[in-house]
Amino acid sequence: MRSWKKLLSLTAACALSVSLLAGCSGTTTPADTTGTGESPEAGGEMFNVVLTSPFTGFDPLRTNDSVSAYVNVQIYETLYRIDPETGEFMPLLAESLPEYSEDGLTATIKLREGVTFHDGTPFNSEAVKYTIELIQDPDFGSARASIANSIESVECPDDHTVVFHLLYEDGVLTAKLSHPNSAIVSPTAQQAQDLMVEPCGTGPYKFVSSVSGSNVVLTRNEDYWGELPAIKDVTMTIITDESTAVSRMETGEADLIPVLSVEQLSRVENNDAIAVGSSNSAQIYYMPIRDLSSVNPIMQEKDFRIALAKGIDKEGYVEYMMQGYASPAHSILGPKIFGYEPEAEEHDIAYDPEGAKAILDAHPGWADEEVLFLVPSTPVYSQMGEYFQASLTEAGFNNIKIESIDYSAWLTESKTDGRFDITLAAWANATRDGTELMEPNFHSVNGNQRLRLEPEDAALVDGYIEASKTTADTAVRTENLLACNAVLMDNAYVQPIYNAANLYCYNSAYTNIQLDASGMFYLKDIQPAA
């Protein structure tokens, strides 16, 4: 039975070790949140969003973190968007859903007319062709080149028709064309400026200014092709200390925090001026457990990895730390993801501290092996790191060493060789498709390179992923996704932790604020409360 007092005591001790590793840091509270040299008055026209993690840039093709996407989905648009209520694909820059040839190797898409980019460049089929070819260009450095892997060539028969000639029948094409990393960019702007710092899209908001690592200011696109947003001016400010961020909500200096921890929930629930929102999410948090290219060669021992997986108390974390605003994950494929079947959970390595101790006891010296736990220094990850360091310690591991790292640095360093043994990661899954979860995270070539599997297992995983995406047959796709899930879990390469729920808070003077299953919010949907 779990000893809560012991675990909490260990967590407190671990928190001290994290603070010593991280050092002392001040809170980011930029004085100028409007870009004009003046702070907005509470209740004024400026709508203030507080982000507790930093964005990395404003080029939708070269960034793949959720915080950058919060900004980019306001500025750029994709051909399709997933309806947050029905989960169905709906046209955005496209006029209708793709029309496929009988063999599934040609997809024809009609484009919306009368749309221009913020720089005045017309949106047309050539812009779509340019964007797809940019994603495919290995010298460009797309964050999600896999989005265009199935496209052999792009044809533009007229300004408002684009034809994709496919290498194989792609059952995920519409989903990929709804992903923020497939947003259409202005060819003129992309060649004239760095979109990472000076973005230009077709969306309802235009870029005004940004202070690196501090804030970004947007204003309504008065020439937007669709219905104009009710909110005119927006500032998104980075405040990495969540308590300070919530203070901004309490004083009326902030109007939305899109990611709120359960720890702060009671604080905002007692304030009539603040509304709390929650919604279903397709996001999963998980622990990558490295085999090859780890810091400690002991990680190549399958039983050692299994012992680590057995030491992760995900049920306790969800129950005690999340207070029910999540569900323990028993497979990498979550219930809201295409490809999930209940049998996927049969491969779960459950929390079993006694089982972990038995493995360690059977191998003298294993309990004292140092395991480097690389933890991004955001409020959510830091809390998870401390808790799981404690649960692993209770399971018999005597030397779990946390290294706290800035989230922006983690995005890069976690992909390098010899950088960690275990870490924490999340995937929001904007497409809600299992292939689009497995390929970018776990494919040995097309993935983010955080895992390093044994060669024979890497080949299996890659093969199952390829088979899952090269057909529109849902039964075949599901079969291969389940097989991929089994390899990753049976070998303790991945320990799924929990399927998240979106939890956020906002100024009750506004309404129609909702986060979709990927965790995205759209400012154009927000309205003043009646």
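Student: How are α9 and α11 placed relative to each other, and at what angle do their axes cross?

Tutor: Two packed helices are described by the angle between their axes and the distance between the axes. Here the axes of helix α9 (residues 314-321) and helix α11 (residues 379-394) come within 11 Å and cross at roughly 125°, where axes are lines fitted to C-alpha atoms, for helices over the stretch in contact, and angles run from 0 to 180 degrees between N-to-C directions. Helices (H or I, at least four residues) and strands (E, at least two) are DSSP runs, numbered from the N terminus. The two helices α9 and α11 are therefore oblique to each other, given that angles under 35 degrees count as roughly parallel, over 145 as roughly antiparallel, 65 to 115 as roughly perpendicular and the rest as oblique. This is a predicted model, in which local features need pLDDT of at least 70 and side-chain atom pairs count only at pLDDT 80 or more, while totals for chains, interfaces and linings use all residues. Residues are numbered from 1 along each chain as its sequence is written, and side-chain values use heavy atoms, with hydrogens and water left out.

Student: Which residues of α9 and α11 make the contact?

Tutor: On the α9 side they are K314, G316, Y317 and M321, and on the α11 side V380, Q383, M384, Y387 and F388, with contact meaning heavy atoms within 4.5 Å. These residues divide into six nonpolar, two polar and one charged; Ala, Val, Leu, Ile, Met, Phe, Trp, Tyr, Cys and Pro count as nonpolar, Asp, Glu, Lys and Arg as charged, and the others, Gly among them, as polar.

Student: How do α14 and α15 cross?

Tutor: The axes of α14 (residues 455-469) and α15 (residues 474-490) come within 8 Å, crossing at roughly 160°, and the pair is therefore roughly antiparallel. In α14, D457, L460, V461, Y464, I465, A467 and S468 meet R477, N480, L481, A483, C484, V487 and L488 of α15. By class, this contact has 10 nonpolar, two polar and two charged residues.

Student: At what angle does α13 pack with α15?

Tutor: Helix α13 (residues 435-442) packs with α15 at about 40°, their axes being 10 Å apart, and these two helices are therefore oblique to each other. The contact joins T435, M438 and F442 of α13 to R477, L481, C484, N485 and L488 of α15. C484 is named in this contact, and also in the contact of α14 with α15.

Student: Is C484 buried or exposed?

Tutor: C484 is buried, with a relative accessible area of 0%, since buried means under 20% relative accessible area, exposed over 50%, and partly exposed in between (1.4 Å probe, protein chains only).

Student: How many residues of α2 are buried?

Tutor: Nine of the 10 residues of α2 (residues 66-75) are buried, so this helix is largely enclosed by the rest of the structure. The buried residues of α2 pack against β1 (46-51), β8 (205-211), β9 (215-220) and β10 (233-238).

Student: Which residues does T108 touch?

Tutor: Leaving out residues up to four places away in sequence, T108 touches L97, P98, E99, T161, V162 and V163. T108 lies in strand β5 (residues 106-110) and is partly exposed at 23% relative accessibility. T108 and T161 are 53 residues apart in sequence but 7.1 Å apart in space, C-alpha to C-alpha.
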